[in-house]
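This report describes one structural model in plain terms. Look at the sequence and the structure first, then read on.

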Number of protein chains: 2
Amino acid sequence: MKLREFINFLLNTDLAHDNELPFSVKQHRFAKGEVITDYGQIEQCAYFMSDGVVQFSVQHGEEEKIIDFFMTNDFVSSYASFLLQKPSDVRILALTECRVEIIDHAEMMEAYRTSLVANQLGRIVAEGAYLTKMKREKDFLTKTAEERYNQLLREKPELILQIPINKIAKYLGIYPESLSRIRKKLIS
Amino acid sequence: MKLREFINFLLNTDLAHDNELPFSVKQHRFAKGEVITDYGQIEQCAYFMSDGVVQFSVQHGEEEKIIDFFMTNDFVSSYASFLLQKPSDVRILALTECRVEIIDHAEMMEAYRTSLVANQLGRIVAEGAYLTKMKREKDFLTKTAEERYNQLLREKPELILQIPINKIAKYLGIYPESLSRIRKKLIS
């Protein structure tokens with residue numbers, strides 16, 4: 001899907017051309033394995049994922065933790081860095097080739113001053129980011145790794161097909177061998 | 001501060017009367033100790049705190065954990081419940097007498113359809129909720145209780161003056177005796 005189509009769907013608008021959007025968008029491709037935003041970088045972009053899968057990670061001491069995956073039709077950005085214009089705590093990595101549409105930070109801020117559509121979009125994205133954060137925190141407190149894997153399977157089956165098993169284990173916070181046991185149990 | 005004045009400050013608008021707001025507001029007082037929103041309730045209101053202090057708690061097994069305090073000039077709501085219209089995981093309790101201005105959920109949703117000001121406000125509140133959540137999570141991972149207490153002292157000194165010490169300890173995730181030791185160390 002294109003960002004314009006996504007906005008029409010989300011906001012029930014009827015924008016026929018990209019130049020009716022309250023900001024310009026640039027098409028871009030990231031190669032598989034490419035770093036989209038790195039630790040310490042100040043995020044200047046919001047990306048709409050027209051196609052592909054990305055991983056979000058944080059560094060905690062020596063260890064790198066995978067905290068999120070995003071895919072087609074998701075908005076992707078080192079969001080706290082984008083909002084505060086401070087160095088990023090997260091790294092965004094393309095796990096597949098990614099086709100994205102890019103919104104520039106300065107243009108977005110300008111659009112927020114006067115555009116209803118920009119603010120509706122920004123509000124819904126921010127609400128979604130908050131709810132995702134809350135849900136993940138709650139799931140970590142109340143669900144076992146097996147329950148969280150089953151939930152991932154139910155809610156984002158495409159993700160599991162496209163992501164190496166060791167990365168999914170890392171995301172669930174368990175060893176790859178534990179995830180193999182969970183998967184074997186499911187199949188049998 | 002009144003909500004209208006807060007919006008003028010936040011959005012650089014110049015609304016002279018409450019009836020220029022894109023939704024109606026109702027004045028209300030909660031007594032000290034009153035439950036504003038309870039576990040399981042579906043949140044129908046967003047509250048602007050004209051004056052007072054509230055506590056957010058969650059139930060985790062037998063235990064009740066304090067996860068947040070809000071005070072004068074903050075927006076307060078069981079936010080996930082408000083957004084999704086699902087039962088609340090949190091309880092909001094008035095720690096002092098609270099003067100609030102209330103926005104009704106249905107009116108807010110209606111205002112979101114057409115009002116720039118409502119969407120700017122909703123966006124900024126959602127972004128703030130996300131950033132607060134991220135910061136608290138990061139602080140818990142990277143800072144000691146002593147560092148977090150010092151930070152609270154720096155960022156919200158008024159809070160510490162108004163909240164019983166055992167509640168602050170609960171919020172920091174430590175025993176009241178440990179907090180007493182931290183405070184003694186600071187004074188000496």
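Helices (H or I, at least four residues) and strands (E, at least two) are DSSP runs, numbered from the N terminus. Pro164(B) sits in the loop between H6 and H7 of chain B. The model is predicted: local features need pLDDT of at least 70, side-chain atom pairs count only at pLDDT 80 or more, and totals for chains, interfaces and linings use all residues. Residues are numbered from 1 along each chain as its sequence is written, chains are lettered from A and ligands numbered from 1 in the order in which they are written, and side-chain values use heavy atoms, with hydrogens and water left out.

Pro164(B) has 39% relative accessibility and therefore counts as partly exposed. Buried means under 20% relative accessible area, exposed over 50%, and partly exposed in between (1.4 Å probe, protein chains only). The C-alpha atoms of Pro164(B) and Leu95(B) are 9.2 Å apart, although 69 residues separate the two along the chain.

Helix H5 of chain B covers residues 145-155, and its buried residues are Ala145(B), Arg148(B), Tyr149(B), Gln151(B) and Leu152(B). They span an arc of only 160° around the axis, which puts them on the same side of H5(B); the arc is that of the directions from the helix axis to the C-beta atoms. An α-helix has 3.6 residues a turn, so residues three or four places apart point the same way.
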